[in-house]
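Here is a short report for a first look at this structure. Keep the sequence and the 3D view open as you read.

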Protein chains: 2
Amino acid sequence: MHPSSLVPLITVTHAAGRYAVHTDPLADAPTHLREAGLAPGRALVVTDATVAALHLDTLMTALRADGWQPHAVVVAPGEASKSLAVFGDVVDACLSAGPDRGTPVLALGGGVVGDLGGFVAATLLRGLPLVQVPTTVLAQVDSSIGGKTGLNTARGKNLVGAFWAPRVVLADPAVLATLPEREVRSGLAEAVKHGLLAGGDLLATLHDEPAWENALARIVREAVVVKAAVVSADERESGARAFLNFGHTFGHALESAAGYGTLTHGEAVAVGMRAALHLSASLAAGRAPGAGPGQAVNVLPEPFAGMDALVARLAPPAIPDGVTDDALVAAMTLDKKRDASGLRFVVLD
Amino acid sequence: MHPSSLVPLITVTHAAGRYAVHTDPLADAPTHLREAGLAPGRALVVTDATVAALHLDTLMTALRADGWQPHAVVVAPGEASKSLAVFGDVVDACLSAGPDRGTPVLALGGGVVGDLGGFVAATLLRGLPLVQVPTTVLAQVDSSIGGKTGLNTARGKNLVGAFWAPRVVLADPAVLATLPEREVRSGLAEAVKHGLLAGGDLLATLHDEPAWENALARIVREAVVVKAAVVSADERESGARAFLNFGHTFGHALESAAGYGTLTHGEAVAVGMRAALHLSASLAAGRAPGAGPGQAVNVLPEPFAGMDALVARLAPPAIPDGVTDDALVAAMTLDKKRDASGLRFVVLD
């Protein structure tokens with residue numbers, strides 16, 4: 001067990017800031033806010049209607065008990081809330097609470113709320129303290145850590161945003177019990193990605209646990225440690241962090257080409273990881289003595305086959321009918337991680 | 001004379017970056033882009049219709065001649081373009097040009113374009129290189145230097161924004177010849193403010209020159225040096241930079257309460273500086289031996305009278321009919337520089 005305490009699970013350090021990740025009960029939030037240097041006063045809580053129904057009272061009650069005056073802003077659940085229009089509504093609602101430059105923004109929810117609330121914190125009054133309170137597997141193991149915030153535009157995901165580090169991340173694994181199964185599986189895709197990239201305890205746990213949903217708290221904590229270590233090594237994707245895009249160039253394109261909301265992010269990433277594993281195996285075969293360059297492989301050799309089997313436990317969906325190769329290539333061409341030299345795929349060797 | 005050369009007028013250094021300010025001809029822009037580490041490729045030029053008619057061809061031609069593929073995005077002139085709606089349109093137009101993370105955004109125009117284009121650069125693809133190309137006195141001596149970007153909301157000015165330093169500032173004094181007189185006077189208000197705060201060459205020039213409009217290039221260069229020195233000392237308004245808000249707490253409130261567009265920013269700041277000088281004199285009188293606290297003064301003593309005479313040369317307008325004290329206080333209460341301890345006024349002693 002990981003007792004509720006002032007000792008964080010891990011501390012993240014990157015160019016935009018240094019912050020602790022705690023995996024304590026949500027009701028302990030005020031303790032960790034004080035510890036992060038945030039003194040009670042006004043606070044803004046950005047969340048969505050689904051999460052609000054389950055967890056908002058717990059957080060608001062805890063904040064009020066410690067002397068905070070929290071003001072909640074509730075958006076509709078789903079990717080559509082990562083729009084400039086909803087951002088404008090949230091900004092107006094936040095301003096109506098009379099924030100000053102010391103007022104923290106708490107993003108209570110999944111990846112969408114974390115990206116939206118994070119971008120609000122990055123830009124309201126030119127920057128307010130941000131507290132990430134992730135409530136999904138995806139947000140706890142991945143999106144709440146590393147300082148990325150963003151909105152979608154008609155042309156693609158996260159095309160507007162900012163790097164803005166939280167002051168502290170409060171990830172209570174107990175809240176994951178309320179998640180629907182598809183949401184859990186989607187988040188586990190990122191945990192599997194972390195395991196494939198980092199190996200170690202997390203990969204062993206993923207291999208050993210027959211039912212991941214019964215070991216969520218452990219998987220989450222081990223995956224948080226991997227993510228924190230990678231972004232601490234490199235915040236801006238020039239080096240180590242680029243590996244976190246494993247499965248994502250194809251995954252993002254698939255998510256976009258299928259129409260946002262058709263596949264979850266994790267489902268698209270799972271399909272993307274399988275594609276990346278095949279690409280990795282092809283490139284490895286191309287490097288073998290006597291092989292031609294980049295030849296395709298039909299049967300995956302080890303270690304790629306074992307990795308692929310792990311990804312397969314996520315039950316990745318088929319590519320939806322109507323998603324053409326051309327649409328995928330067009331979507332990838334807009335990937336913001338593209339630079340003048342072309343697209344980048346992360347492969348394993 | 002200040003010859004066109006690789007030697008900048010001054011180099012600004014603050015937390016968000018380090019960049020040169022050049023006061024060379026606009027057509028020399030490509031030289032300074034290279035020097036700032038920006039290699040020819042795609043470029044985004046954000047400007048407004050008024051500036052586009054006068055100066056866009058010069059910049060686009062110079063860029064193309066050096067191997068750039070510039071894409072111009074032209075907004076309507078005026079404060080209304082600093083809105084979230086126009087921001088969204090500009091983002092879409094920029095994305096249609098297929099930028100990657102190395103694509104610079106050049107903000108060619110006055111304060112509105114600098115703030116809007118700067119916020120686009122700060123947030124598009126989570127941050128692109130920014131080049132400020134200020135074309136008004138206000139933008140050259142003040143808003144293009146220091147890394148502030150922002151949009152207005154219905155609740156006030158610059159309530160959404162980011163600190164995002166330019167890679168280089170290209171301020172050609174020759175373009176100021178095309179400005180209407182009211183625009184020049186508005187910008188000179190910030191130069192007068194810099195002079196009152198810093199003294200030195202700039203204050204001497206302002207005192208000695210009988211017709212400021214005939215000495216614009218010199219005043220601009222001396223004011224740029226003051227602004228650069230202040231923001232280099234302190235980027236985030238906690239210390240030295242806070243003095244740049246002289247006249248601005250009242251000025252911003254007046255601008256807002258009168259309805260944006262009624263007074264220029266410089267006109268409102270000029271009125272605000274006179275108010276701040278009276279407040280300064282009252283506080284100074286309150287500190288005199290035997291005086292009561294903060295007593296009002298009817299006749300300004302020196303040095304405040306001399307300062308007030310300098311501000312008076314800007315011909316500050318009267319406070320418009322219908323702007324009530326209550327409206328001004330309400331607008332000041334939303335000032336984003338307010339903190340939990342209350343409003344802050346900058347006074348001189």
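## An exposed arginine

B:Arg18 counts as exposed, because its relative accessibility is 60% and the cut-off for exposed is over 50%. This is a predicted model. B:Arg18 sits in strand β2 of chain B, which covers residues 17–22.

Which residues does B:Arg18 touch, not counting those up to four places away in sequence? They are B:Thr11, B:Val12, B:Thr13 and B:Arg167. With B:Thr13 there is also a polar contact, side chain to side chain, at 3.1 Å. B:Gly195 lies 177 residues from B:Arg18 in sequence. In space, the two are 24 Å apart, C-alpha to C-alpha.

## A buried glutamine

Now turn to chain A. A:Gln140 belongs to helix α5, residues 137–143 of that chain. Is A:Gln140 buried or exposed? It is buried, because its relative accessible area is 0% and buried means under 20%.

A:Gln140 has contacts beyond its neighbours within four places in sequence. Among them are A:Pro134, A:Thr135 and A:Ile145. A:Ala171, A:Asp172, A:Pro173, A:Val175 and A:Leu176 are also in contact with A:Gln140.

## Where the chains meet

The size of an interface is often given as the accessible area lost when the parts come together. For chain B and chain A, the buried area is about 3000 Å². Carbon and sulfur atoms give 57% of that area. Each side is counted in residues too: 35 from chain B and 35 from chain A.

How many residue pairs are in polar contact between chain B and chain A? The count is six, with both residues at pLDDT 80 or more. Salt bridges across this interface number zero by the rule used. On the side of chain B that touches chain A, the elements giving two or more residues are α3 (84–95), α4 (111–123), β7 (148–153) and β8 (156–163). By class, that side of chain B has 15 nonpolar, eight polar and 12 charged residues.

## How the copies are related

Chain B can be laid on chain A by a turn of 180° and a shift of 0.0 Å along the axis. The RMSD is 0.0 Å. That is the relation of a two-fold axis.

Which C-alpha of chain B is nearest the axis? The C-alpha of B:Leu84 is, at 3.9 Å from the axis. Both copies use the same surface: 100% of the contact residues of chain B recur in chain A.

Conventions: Residues numbered from 1 in each chain as written. Chains lettered and ligands numbered in written order. Predicted model: local features only at pLDDT ≥ 70, side-chain atom pairs only at ≥ 80, totals over all residues. Heavy atoms only, no water. Contact = heavy atoms within 4.5 Å. Buried area = accessible area lost by both parts, 1.4 Å probe. Salt bridge = Lys/Arg side-chain N within 4 Å of Asp/Glu carboxyl O. Polar contact = N/O pair within 3.5 Å; in protein donor to acceptor, adjacent residues only side chain to side chain. Helix = DSSP H or I, 4+ residues; strand = E, 2+ residues; numbered from the N terminus. Nonpolar A, V, L, I, M, F, W, Y, C, P; charged D, E, K, R; others polar. Least-squares fit on C-alpha atoms with pLDDT ≥ 70 in both. Buried < 20%, exposed > 50% of the residue type's maximum accessible area, 1.4 Å probe, protein only.
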